Amino acid sequence: MQNLRASRDTPGHLPPSRRVPVLWPWVLVAAAWAVLVLAVLSHQTFLLDHHYLLQASGLPWLAALEIFLLCWQVMTVAMMLPSSMPMVHLVVFAGRRQARPVAVPLAFLAGYAVIWTAFAAGAFLGDTLVHRLVALWPWLAVHSWLIGAVTFAVAGLFQFSPWKERCLDMCRTPLGFFLHYYRKGVGTAWQLGLRHGGFCLGCCWALMLVMFGVGVGNLAGMAALTGAMVIEKTVPGGKRLSLVIGIILLLLGILWLAHPVWLHRAGI
């Protein structure tokens with residue numbers, strides 16, 4: 001914490017290490033979106049398509065999981081990192097005053113990525129179980145559209161939960177979070193990434209579950225959810241958007257329940 005207080009030694013000025021803008025995380029985000037756009041335009045999104053990997057690829061389950069998790073890192077950078085940029089900037093600035101300025105933010109991002117990779121692994125496993133349940137339960141095979149309706153309903157209801165509110169509050173106050181949990185060192189940066197990733201997951205897992213169910217080939221859906229998470233977590237007054245998103249998701253769940261063909265035609 002002494003490093004941060006040192007910035008107050010010269011009133012109205014930042015130390016030289018903090019005057020240099022943080023650009024490379026945005027380069028990562030731009031590169032991730034470029035990869036996703038190129039994959040969609042070239043019809044190569046099958047490596048992120050869990051339905052394809054599980055049913056049509058012919059790969060062993062473990063190999064399909066490994067490929068999916070590897071490609072998921074692009075999703076994490078493209079969709080989740082923009083909403084966590086305020087925290088990333090703080091970690092980069094703090095790392096510049098330490099002996100290993102590059103290793104500190106990389107350790108933070110690695111811890112953050114581990115949390116979202118664990119979520120992706122859980123979602124892939126859950127999807128595997130759903131596929132097997134559909135294969136074993138003829139009634140559910142006939143009414144498989146219920147799975148999408150339930151997904152929207154769960155995600156919509158979560159937007160009104162105290163858990164969502166608490167995690168969103170932690171994500172919307174990055175400076176307070178940083179001052180409370182930050183310690184010098186690469187190992188503690190890793191732990192900070194895990195902790196911040198945990199709150200980020202607690203805030204956004206339901207929206208990413210919707211993305212997982214809708215399909216990663218839907219660029220409009222990915223962009224809309226990314227924008228929603230950025231507004232929720234970084235824009236003044238953005239917290240109110242959570243309720244709007246919850247209502248929209250519940251309405252989509254009802255629409256899917258009433259007439260799933262409409263949503264299929266819309267590419268959802």
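Trainee: Is Arg97 buried, partly exposed or exposed?
Mentor: Arg97 counts as partly exposed, at 34% relative accessibility; buried means under 20% relative accessible area, exposed over 50%, partly exposed in between (1.4 Å probe, protein chains only). One caution: this is a predicted model, where local features need pLDDT of at least 70, side-chain atom pairs count only at pLDDT 80 or more, and totals for chains, interfaces and linings use all residues. Residues are numbered from 1 along each chain as its sequence is written, and side-chain values use heavy atoms, leaving out hydrogens and water.
Trainee: OK, salt bridges. How many are there?
Mentor: The count comes to three, taking a side-chain nitrogen of Lys or Arg within 4 Å of a carboxyl oxygen of Asp or Glu.
Trainee: Which residue does Lys164 pair with?
Mentor: Glu232, with the closest N and O atoms 3.1 Å apart. Lys164 lies in helix 10 (residues 162–171) and Glu232 in helix 13 (residues 219–234), so the bridge ties together parts 68 residues apart in sequence. Helices here are DSSP runs (H or I, at least four residues), numbered from the N terminus.
Trainee: Are those two buried or exposed?
Mentor: Lys164 is buried at 1% relative accessible area, and Glu232 is buried at 0%.
Trainee: And what does Lys239 do?
Mentor: Its side chain meets that of Asp169 in a salt bridge, 2.6 Å from N to O. Shared partners join Glu165, Asp169 and Lys239 into one network. The Glu165 and Lys239 side chains meet at 3.6 Å, N to O.
Trainee: Switching topic, where does Leu251 sit?
Mentor: In helix 14 (residues 241–258). Leu251 counts as exposed, at 52% relative accessibility.

Notes: Helix = DSSP H or I, 4+ residues; strand = E, 2+ residues; numbered from the N terminus.
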